[in-house]
Amino acid sequence: MNRSDALSLAVVGHTNTGKTSLLRTLTRDSRFGEVSDRAATTRDVQGAALLANGKALVALYDTPGLEDASALSDFLDTVPGPHADPVARIEAFLAGDHDQGRFEQEAKVLRQLLRSEAALYVIDAREPVLAKHRDELRVLAECGRPLLPVLNFTASVDADPEQWRSQLARMGLHVIASFDTVLFDFEAEHEIFEKLGVLLESRRSQLERLSASRDEDRNALILAASRSVAELLVNVAGLRLSVPSGGDEPAARARLQERVRAAEQTCVDTLLGLFRFELSAYEPPQLPLQQGRWQLDPFDPEAMRILGVRTGSAAAAGGMAGLTVDAFTGGLSLGAAALIGAGLGAVWGASGPLGREISDRLRGHHWLVIEAGTLAVLAGRQTQLLRALLRRGHAAQEQLRTGSAAGWPSPTVARQVLRARAHPEWSALNNAAEEALPDAVLRPLALAIAQALDGGAEAASEPVGIQ
Amino acid sequence: MSVPSTAPPGTLRLGDRLLMELVRLREESAGHPPHTPDADARAIAAGGDFAQRLAARAQALPESDARLRALRHLRRSALALVGIVLTFSGIAGIAAASTTLGSRQPVSLPLLVCVLVGFNLLSLLLWLAIQPWSSRAAPGLGRLIRQLWTRWERHALASSKPTEPADSSALDAIRLLAGGSSGRWLLGAVVHAAWLAFSLCALLTLAVLLSVRAYELAWETTLLSPQALAQWARWMSLGPALLGATGPETLPVDGALDSGAREAWAIWLLAALVVYGVLPRLLALLACVALAMRALSNIGRDLTRPGYARLRTRLLPDHAGLGVVDPVSERPSAPRQRVPRRAARGRGRLALGLEWAPDEADAIESQWQCHWLGVADGAEQRRQLLDQLAQARTGRLIFVARATATPDRGNERFAVEAIDAAQVPAILVLAAFERLQARGNEATQRRLDEWQAFATRAGMDRVLPWCTDATGALPALSEDGIRA
């Protein structure tokens, strides 16, 4: 792999401002370097390349923190060299013994900066602007490389980014990015690359390519995750279990519920597998799971209550009539027959035990299906998990309370999933070996789920009646 | 691009994509893709886009040989089956043409058309009629073919021992090929090809027999009136007329036909077979093949499927470590000497601040009750403070540091120099301690430990936390500076 044309960036800054954390976040690699909340954790210079389509576009180098810039600044004044050319003076300093090794750590930073095209100057925005920071910036500026200040910990209550911005502006640094390595925000990553492109005109297309590639990766991830949620919902919605009249209905019900639980766990496992990289990131997202599982059973009324799903109607009890029409149409018009069956089943269910009795005796068997409330629970909490994985947790909490779609991520999702109840032939759970789920059903639903993740402005407008 | 790409995106052959899909089905049913470092490394080395890497990985997996064998076996079996079907249809066409023609003299033209074209056309219309519903039957079709295949395999390979993965690979491949819409169009193509073979063979047989033997041809009817028969003949001639064959408008329909009329009707018959038998089936075959190709080209294209998406970061890594480029220097740092305890040179106490911004420093100074020298911020101020300390006669030196700051070497060096200059005992007060506590117990303890280590190295006697909010009187200061 050719790394020579990668844009090399030194990540510099005062000690303990989160330089290594920034690299870990950008590389999504929790094992990069060493991180601790104290000074001088990083003592060597270590690199990591950011790839797009296998090609290294940016090489980041983590450097030790600057700890004594004021003294270094004084010392540099004593280094012989032309005053008109600060870079030559820095080079003379690096060629020397760094004041008997006193500025060894600082020398590493400056050496790496001279080898790089630009630097990200990481700032702990919770700290006040002190003289030592100005000294640091002065020394770094003497290396003659563009500096992009990156404000870290901006989400903290102690942070005062405005003060930093005004002070940096006084030092001639007007292009500033902010980034929180603890509360990761994908957009902030974009901002860094975008602002680097402002500083490094000739590298702009390269940085845009990197951004685009990271976007593509992320979108592919979101789409794949939404797709597995969609698969779960369509499979469960179409799930049907035939019970002969006089058969052991409680046992059949338990079997049906067991299939739903297994399907949900498969979906959770897939989501966790898809986000393996995110989960191994520095400061992984907080998930609403315990040991990779939901705490509450999807059939637990408490799970519905938490998601705001109303329960308790006759049709929601789980039994629904089907028709024997299915048998003699030879599966050809299964969907249509089941649709009729589902509709009649609801009527029979609503007319009480007598109606069901009659319909059972007439048809010899009936179908068990999953009620809408459980579907809403599944949709609601898988989306919640997905939001947490994407670190959109705060928005999710708020929406759950305000949305009228009771548990459903959005009315569109609700409509499409409820439609799938009339299509048992779509459900892979009915005939496990079949790859029956048509893309024409799955794709729009996956897209609707992906859109609902973004906050779903439509959620409040359109009420969905779920009984 | 420095990455060698084997082919432009989207040019993966069907075989490659089928192999990919077989791997995906296996891995999805297992729940997660297994750990396959060798295959992953080969896929990354092969380069290209994600689909190409997936294909390369599928080929590099140890089971790929068995899978490919299974696919080849399936292909051979399918081709053989199609060959058999076509052969039988062809034979049927020959048989139908020769028996109808040779049954008796004179040969009834309506009968010939009915036998050679009627059934064909009827079944084609039937097929067209069920098209709107046949997509629903697709899964059932796949299941049916799989069951047939399993039986066939069990029967045909009773003696030899099929390996397990190959066996399931063939079934998975049938599921992929026959389960979706491609199966429906492939089956349609086979059916149309069979009828095409029937029609072509019948056409050839007719042409040969009519060339080498003399047949009596007649428009015969028992039930229909001559007018109705003539009307039928006119309708049926619409197709042959397109090919230029003359029909009932010039030729006689009833009565004995002379040799000229027989020849013209024979040509009409062949033209009717082409127009009603061969051409519709040919068109249907082409349509089915095109639709099947389109359906097949979608196999292995959807890379958002979980089985693929989970491999994305493995095959298309978004970062790579570059290693240590400037290692920790081995130069031994001079062992720091423990600063000896000093005695007070006078009474009172002097305080100076560490790590304060100017506005914060003012607030701290206003809360502070003893002599405040200033904040050591920047080289210039530090030099001034050191000069002042060298001349001061005091009992104790108090460093008031911002608790949330990270102690660094710069501050440590200054503290050592300041204590050296003042030659008195010193303590460290961590002011604004409540702000550190707000970051949590763990963070507080860590930072406290660090300041403790800092104080020890700098030769200070002790570290005192001080909450500078409303409740925060300096906790442990006594008359001579420090209590105990």
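How many of the 467 residues in chain A are buried, as a percentage? Buried residues make up 58% of chain A. Keep in mind during the tour that this is a predicted model.

Next, select helix H2 of chain A, residues 69-78. Its buried residues are Ala69(A), Ser70(A), Ala71(A), Leu72(A), Ser73(A) and Leu76(A). What covers them? From chain A, the cover includes helix H3 (86-95), helix H5 (104-115) and helix H6 (131-141). Chain B contributes too, with helix H14 (379-391) and helix H15 (409-422) among the covering elements.

The last two stops concern backbone angles. Most residues other than glycine have a negative phi.

Select Phe153(A), in the loop between strand E5 (147-152) and helix H7 (161-170) of chain A. Phe153(A) is not a glycine, yet its phi is positive, near 55 degrees. Is Phe153(A) buried or exposed? Its relative accessibility is 15%, so Phe153(A) counts as buried.

Then move to chain B and select Glu355(B), which sits in the loop between strand E4 (349-354) and helix H13 (358-367). Glu355(B), also not a glycine, has a positive phi of about 65 degrees. With a relative accessible area of 4%, Glu355(B) is buried.

Conventions: Residues are numbered from 1 along each chain as its sequence is written. Chains are lettered from A and ligands numbered from 1 in the order in which they are written. This is a predicted model: local features need pLDDT of at least 70, side-chain atom pairs count only at pLDDT 80 or more; totals for chains, interfaces and linings use all residues. Side-chain values use heavy atoms; hydrogens and water are left out. Buried means under 20% relative accessible area, exposed over 50%, partly exposed in between (1.4 Å probe, protein chains only). Helices (H or I, at least four residues) and strands (E, at least two) are DSSP runs, numbered from the N terminus. Contact means heavy atoms within 4.5 Å.
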